[in-house]
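Please open the model in your viewer and keep the selection tool at hand.

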Amino acid sequence: MLPELGHFALILALLLAGLQAFFGIAGPVLGRERWMAAVIPAVAGQAVMVATAVACLVAAFVGDDFSVTYVAENSNTALPLFYRVTALWGAHEGSLLLWILLLALWTLAVAIGSGRLPARFAARVLGVLGVVSFGFLLFTLATSNPFMRLDPPAPDGRDLNPILQDPGLAVHPPVLYTGYVGFAVAFAFACAAMLEGRLDQQWARWTRPWTAVAWSFLTCGIAMGSFWAYYELGWGGFWFWDPVENASFMPWLVGTALLHSLAVTDKRGLFRSWTLLLAILAFSLSMLGTFLVRSGVLVSVHSFAADPMRGVFILAFLVIMIGGALTLYAWRAPLLKSTAGFELGARESFLLFNNVLLVIAAATVFAGTLAPLISDALGLGTVSVGPPYFNPTFMMSTLPLLALLAVGIHASWKRGRLKDSARALLVTCLVAAVLGCGLVFGLFARGGLLAAVGATLGLWIALSSLVDPIDRWRRRLSLPRAMLGMTLAHLGLALFVVALTTVESFTVERDVALAAGASTRVGDYEFRFDGVQPLDGPNYSALAATVVVTRHGSPVAVLRPQKRQYWVQRQLTSETAITMNRGNNLLLALGDDLGAGRWSLRVQIRPLVSLVWVAAFIMALGGALAASDRRYRAAQATQRAPAGAAGEPAR
Amino acid sequence: MRVHLSVVMAVMLAALGAAGTARAVDPTELPDPALQVRYLALTHELRCMQCQNESLADSPVELAADLRREVREQLLAGKSDEQVRAWMAARYGDFILFRPRYSWRNAWLWGAPAVLLLIGALVSWRIVRERTVLLATDDAPLEEDRQG
Amino acid sequence: MNRFLLPLGAFLLLAVVLAVGIWHSPEKGVIPSPLLGRPAPQFALPELNHPGRQLRSAELKGRWYLFNVWGTWCTECRAEHAVLLKVQQAGVVPLIGLDWKDDDAQARDFLTQLGNPYQAVAVDASGRAAIDWGVYGAPETFLVNPQGIIVYKHVGALTDDTWTREILPRISAAAAGS
């Protein structure tokens, strides 16, 4: 009964999305007030229907309804309740439903917040979002229906993939998707502006907070994924340049560029067509990411089960959506030239460099990720690309970016007046260099030139970012949230760079073979292996090792790494034991039984690694803080453009 | 019972990845520390052919252990890194390499970042020049309260 | 020419690449072998059913043969066993087996119970021979011509379809040509 209801709700949602799209786009074009008025009810209706469908699926999971194929494939009676709920997004069909739910919620948020937008423009924005919703709903119903039935119902389910039975992974997809999907809002704003034929500073001011919030969520989502990979996959790595990771990183890079470009358009009315293009690009990359992980064209550790038919559908959808948006762009962008000026040392210049370098970074990741496809299509044979490509090429664009950030943050709009900040720049640079080299060569007494450069850049950015806020605070000037948010985000970035440098340069890793009772010394720590014991969990059997960790003789921790075999899927997972001591992360993983009581163990000591994710969250916080600035809310209330000004050529 | 293609593929993929997240612990210690460094670098750069996107160093399957042994023996026999890579690629194709070969076929890939940076620099220069010229005729006041 | 059309143009190009990617994706699970068209790797390995004797690749030159890599631990190999027996009965080309990282006694039992389609079986205990042939997952089957060149490779369980569509035609074509 409930699955049928859910299915029906999805179909209704599809119809409502179609109406939303139709009224939203045709209404303003034809000047039909009644049609435009129907858009928000359609949005609300779609949200309710989608929520209903999701609720029905959750109920099917919680109730162990194995007559639903998706539940039978991803759940099991022995699966703990928490994971039965999060299994909703454990595989392709359910994760698509999550996409659709989040899109509906974003659309609802925009509808609620659209009171201050001109009615025609708001209708267009919601209409474009409706087109996206329609496409995804159609795709789901046509190729990936989560409500498909099994007849006869399975006696029990195939269980959730054990890798996904982890609290971290419960939270990662919703947060990540909220960010991913959130770029649809900027996309919709861009399309609406192109349909209107008008794009001004006001448009940028509307778009900024939405983009900043989406960006914050995406930052958190990527950080969570990386954090989860570190703890669950547990081999100390937190970024593998895996195609699925890259699929979320590319929109992030472009989204960051978009945020900065919007600042320029907002402030000076410059870079308007470029900002438009970035808004289209950011969401396009989100959608491309969706395509890549579900179509089977790329080999990856964590892509969903692949199906070429789905690939064809998504590709068609991509061509229509993005092709359509880019056609609009080709039509409208030529009219968006502005006559404002700025000098080389101005803030606009630095934001220009920021954008160029971020987009190049994204293009580099794009090239590496799609290289197997491109090489194959051009008949150049097979090629496989991994960290040895990504690491050096990524740094080529990001190292200059970091250096320019430290300088550019002092530049004023239009006329940089960098000379005024020359002293501050020099002092901060020197202090950073001293501290950085002290960290690398003094504290850790290891690492080479790259580590020193990384540490110096990170510290320089941190110090540089603090100069202006501290100066304003001392002069009792106001500190608007936008500025605080920006400072916080840049500080987060600085911390990230420093943490990354220390982790990459100062990690110690050793694989050892130990008999029970034997010890080994790695770095400053001693590890005594006390043997392996069997134990059972709720839906798995495990072998748990006991390792006593001491530092110069004094006890630090007792670690218990495990190897688990899940009963249903019979998958072997390795549970790494992790502890913190004096800022170091100590990781211990159990290897293989080498016979005669000897086991292999992997020991890793990673200094300051947690800072990597703390830094990412600080960045996200900065973005959210900036989005909450009063200007975005106040300005909208005073600005009420006449609704009849459609089709005016932009200037 | 209708079995979705996705179920079939999921089962196949599960079978392929049946090792779950258990990774390899490789307590090899080559006598020469320099060789050990090269060994670790090479086993991280070579792909495990049975897994999705894992390196030889990380993969727990037997084939990976056998291939690691090959790397070990070749390094001990004095082969260079490039010789080891070539040996592997001769049997498994370029797909086994995580570092794309430096060849004309991959020139577009390795050259892309540098070319893009060059284009980026040219474009930036043009834009800055254009805007600097416009600065002379730009009298519009700045809204000073905006910090963003 | 409107330079603002460039993004659209680039995107459409990308769409073509992606379409080609989808078109080729059923083959994605199969890595193309660099050994096609190259001489079969040399080996000298103990024979499963005649311990003490060695099977040398040199002895196999001069006629077609199918080189099949298998193991008792491999479920797909069981699945293809019936097809292998049919191939043997057809009598067109002999099957040479490579018992990959397996237990000798179990392998002999396997063949006794299920039937032995092989003319001879080489035992690869260390896995080195399989690596030389670029084997990355059992079962794999190679078609080698009388000159000792590998002309075809099949990854996965051998099917009737593959036998009739890929292997037989190649042998017949060469016979017709000579």
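Two residues are in contact if their C-beta atoms, placed from the backbone, lie within 7 Å. This is a predicted model, in which local features need pLDDT of at least 70, side-chain atom pairs count only at pLDDT 80 or more, and totals for chains, interfaces and linings use all residues. Residues are numbered from 1 along each chain as its sequence is written, while chains are lettered from A and ligands numbered from 1 in the order in which they are written.

**The contact of chains C and A**

Select chains C and A together. Their contact draws 24 residues from chain A and 19 residues from chain C. On the chain C side, 14 of these residues are nonpolar, four are polar and one is charged. For this classification, Ala, Val, Leu, Ile, Met, Phe, Trp, Tyr, Cys and Pro count as nonpolar, Asp, Glu, Lys and Arg as charged, and the others, Gly among them, as polar.

**Chain A as a whole**

Next, display chain A alone. Chain A contains 18 helices and ten strands; helices (H or I, at least four residues) and strands (E, at least two) are DSSP runs, numbered from the N terminus. The C-alpha trace of chain A extends over about 85 × 75 × 55 Å along its principal axes. Of the 651 residues in chain A, 61% are buried, a residue being buried if 20 or more other C-beta atoms lie within 10 Å of its own, exposed if 12 or fewer, and partly exposed in between, with C-beta atoms placed from the backbone. Among contacts in chain A between residues at least 6 apart in sequence, those joining residues at least 24 apart make up 75%.

**Two domains of chain A**

Colour residues 1–165 of chain A as domain 1 and residues 508–607 as domain 2; these bounds come from an automatic or database domain assignment. The C-alpha centres of domain 1 and domain 2 of chain A are 43 Å apart. Nine residues of domain 1 of chain A and seven residues of domain 2 of chain A form the contact. The domain 1 side of chain A comprises five nonpolar, two polar and two charged residues.

**Helix H14 of chain A**

Now select residues 418–443 of chain A, which form helix H14. Where does helix H14 of chain A bend? The bend, of about 30 degrees, is at A:Ala424, taken as the angle between axes fitted to the seven residues ending there and the seven starting there. The buried residues of H14(A) include A:Leu418, A:Thr428, A:Leu435 and A:Val440. Helix H15 (449–474) of chain A is part of what covers the buried residues of H14(A). Just after H14(A), inspect A:Ala445, which has a positive phi of about 55 degrees.

**Chain B and B:Arg91**

Turn to chain B, which has five helices and zero strands. Buried residues account for 35% of its 148 residues. The average pLDDT of chain B is 80, and 80% of the residues score at least 70; pLDDT is the predictor's confidence in each residue, from 0 to 100. Over residues 1–20 of chain B, pLDDT stays under 50. Where pLDDT is low, the predicted coordinates should not be read in detail.

Finally, centre the view on B:Arg91 in helix H4 (residues 81–92) of chain B. Is B:Arg91 buried or exposed? B:Arg91 is buried, because 21 other C-beta atoms lie within 10 Å. Leaving aside residues up to four places away in sequence, B:Arg91 touches C:Ile131, C:Asp132 and C:Gly134.
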